[in-house]
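Here are my comments on the model you sent. They are set out as numbered points, so that each can be checked against the coordinates.

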Amino acid sequence: MAASISATGFKGGFGINSFMVGEDYGMLAKSVPIHVRVAKPVRLAPMMKNVNEGKGLFAPIVVVTRNIIGKKRFNQFRGKAISLHSQVINEFCKSIGADSKQRQGLIRLAKKNGERLGFLA
């Protein structure tokens, strides 16, 4: 080995040739691939989050209610309320003779209004 340590200090170098000499270096150089593939960075899935979270007239009431009754029970209650509201919209569309495209538009509008008012906080 070309590098050595004595009582007076370090002597030698840390060059490649000081550690691997001759055939060992040649074998190592041949075993390493010339081109290395780099994988694409992993993108995180987008989170579905309310843009107006914490905003709106009813947001504080919604947050306090969720904290009191618990997240699981609150989400069950919210799901039932949304389901009932969708049924009311469906019945309304049947009574006025609106087609399914108009019905879906009304349901989307109801969701946007709920977000703005803070019901989905």
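1. Overall make-up. This is a predicted model, and the values quoted here are computed from it. The protein has 5 helices and 2 strands. Along the sequence these elements come in the order β-β-α-α-α-α-α.

2. Burial and surface. The protein has 121 residues, of which 11% count as buried. Its accessible surface amounts to about 10,700 Å². Carbon and sulfur atoms supply 63% of that surface.

3. Helix H3. Which residues of this helix are buried? Helix H3 covers residues 59–69, and its buried residues are Ala59, Val62 and Arg66. Viewed down the axis of H3, these buried residues lie within an arc of 60 degrees, and therefore they line one face of the helix. An α-helix has 3.6 residues a turn, so residues three or four places apart point the same way. The buried residues of H3 pack against H4 and H5. Pro60, Ile61, Asn67 and Ile68 are exposed on the other side of H3. After H3 comes glycine 70, which has a positive phi near 95 degrees.

4. Helix H5. H5 contains 18 residues, and the distance from its first C-alpha to its last is 26 Å. That is close to the 26 Å expected at 1.5 Å a residue. Glycine 118 follows H5 and has a positive phi, near 100 degrees.

5. Nonpolar patch. Which residues make the nonpolar surface patch? Phe92, Ile96, Leu106 and Leu109 form it, with an area of about 360 Å². Leucine 109 belongs to helix H5. Patch residues need over 30% relative accessible area. Leucine 109 has a relative accessible area of 43%, so the residue is partly exposed.

6. Arginine 103. This residue sits in helix H5. Is arginine 103 partly exposed or buried? Buried would mean under 20% relative accessible area. The relative accessibility of arginine 103 is 25%, so the residue counts as partly exposed. Leaving out residues up to four places away in sequence, arginine 103 touches Ile89, Asn90 and Cys93. Arginine 103 and glutamate 91 are 12 residues apart along the chain, and their C-alpha atoms are separated by 9.8 Å.

7. The salt bridge. How many salt bridges does the structure hold? The structure holds 1 salt bridge. Lysine 94 forms a salt bridge with glutamate 91, and the closest N and O atoms are 3.9 Å apart. The cut-off for a salt bridge is 4 Å. Lysine 94 and glutamate 91 are separated by about one helical turn, because they are 3 residues apart in helix H4. Lysine 94 counts as exposed, with a relative accessibility of 62%. Glutamate 91 counts as partly exposed, at 49% relative accessibility.

Methods
Residues numbered from 1 in each chain as written. Predicted model: local features only at pLDDT ≥ 70, side-chain atom pairs only at ≥ 80, totals over all residues. Heavy atoms only, no water. Patch = residues over 30% accessible without salt bridge, like charges linked within 9 Å, V, L, I, M, F, W, Y side chains within 5 Å. Areas by Shrake-Rupley, 256 points an atom, 1.4 Å probe, with all protein chains shown as cover. Salt bridge = Lys/Arg side-chain N within 4 Å of Asp/Glu carboxyl O. Helix = DSSP H or I, 4+ residues; strand = E, 2+ residues; numbered from the N terminus. Buried < 20%, exposed > 50% of the residue type's maximum accessible area, 1.4 Å probe, protein only. Expected span 1.5 Å × (residues − 1). Arc of directions from axis to C-beta. Contact = heavy atoms within 4.5 Å.
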